[in-house]
Amino acid sequence: MYDIFGKFGAIRQIRIGTNKDTRGTAFVVYEDIYDAKTAVDHLSGFNVANRYLIVLYYQQAKMSKKFDQKKKEEEIVKMQEKYGVSTKDK
């Protein structure tokens with residue numbers, strides 16, 4: 001990862017997803033935003049080990065919405081269990 005992304009600027013950190021929902025994902029944090037832009041421009045669609053990279057900017061708003069939705073779904077399941085309600089067809 002450092003070899004591929006490091007060509008476009010100084011990297012502050014790389015975080016690789018290890019959970020079921022983040023596997024295959026990595027977050028690369030550059031020291032300078034312009035280095036990140038250069039990496040996005042040059043590495044999108046780049047082939048590594050017969051897989052194509054999809055390089056995007058991190059968007060906090062989208063990630064927080066996804067987290068909020070998961071939290072709401074968990075609350076609904078807890079409420080269903082508490083009151084003995086099932087949404088499955090019998």
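Is A39 buried or exposed? A39 is buried, with a relative accessible area of 1%. Buried here means under 20% relative accessible area, exposed means over 50%, and partly exposed covers the range in between, with a 1.4 Å probe and protein chains only.

The model is predicted: local features need pLDDT of at least 70, side-chain atom pairs count only at pLDDT 80 or more, and totals for chains, interfaces and linings use all residues. Residues are numbered from 1 along each chain as its sequence is written, and side-chain values use heavy atoms, with hydrogens and water left out.

Start with the overall layout. The protein chain has 3 helices and 4 strands. Their order along the sequence is α-β-β-α-β-β-α. These elements are DSSP runs numbered from the N terminus: helices are H or I with at least four residues, strands are E with at least two. The protein chain has 90 residues, and 13% of them count as buried. Its accessible surface comes to about 8,200 Å². Carbon and sulfur atoms hold 54% of that surface. Accessible areas come from the Shrake-Rupley method with a 1.4 Å probe; for residues, only the protein chains shown count as cover. Among contacts in the protein chain with a separation of 6 or more, 27% join residues 24 or more positions apart. A contact means heavy atoms within 4.5 Å.

The largest nonpolar core has 10 residues: F5, F8, I11, I14, Y30, A36, A39, V40, L43 and V55. Such a core is a set of buried Ala, Val, Leu, Ile, Met, Phe, Trp, Tyr and Cys residues joined through side-chain atoms within 4.5 Å. Strand β1 and helix α2 (33–43) each supply at least two residues of this core. The largest share, 4 residues, comes from α2.

Look at A39 again. A39 sits in helix α2. Setting aside residues up to four places away in sequence, A39 touches F8, Y30, S44 and V55. Beyond residues up to four places away in sequence, V40 touches V55, L56 and Y57.

I11 gives the view from the strand. I11 is found in β1, residues 11–16. I11 is buried, at 18% relative accessible area. Not counting residues up to four places away in sequence, I11 touches Y2, F5, G6, V28, V29, Y30 and E31. The C-alpha atoms of I11 and V28 are 7.2 Å apart, and the two residues are 17 apart along the chain.

What about charge? The whole structure holds 2 salt bridges. A salt bridge is a side-chain nitrogen of Lys or Arg within 4 Å of a carboxyl oxygen of Asp or Glu. One pairs R12 with E31, the closest N and O atoms being 3.3 Å apart. R12 lies in strand β1 and E31 in the loop between β2 (26–30) and α2, so the pair ties together parts that are 19 residues apart in sequence. R12 counts as exposed, at 52% relative accessibility. E31 counts as partly exposed, at 46%.

The other bridge joins D41 and K37, with the closest N and O atoms 2.9 Å apart. Both residues lie in helix α2, 4 residues apart, about one turn of the helix. D41 is partly exposed at 48% relative accessibility, and K37 is partly exposed at 41%.

D35 is a charged residue without a partner. D35 lies in helix α2. D35 is buried yet has no salt bridge. The nearest side chain of opposite charge, R12, is 10 Å away. Leaving aside neighbours within four places in sequence, D35 is in contact with F8, G9, A10 and Y30.

Finish on the surface. M79, Y83 and V85 form a nonpolar patch with about 330 Å² of accessible area together. Patches are made of residues with over 30% relative accessible area and no salt bridge; like charges are joined within 9 Å, and nonpolar side chains (Val, Leu, Ile, Met, Phe, Trp, Tyr) within 5 Å. M79 lies in helix α3, residues 60–83. M79 counts as partly exposed, at 45% relative accessibility.

Terms used: Lys, Arg positive; Asp, Glu negative; His and termini not counted.
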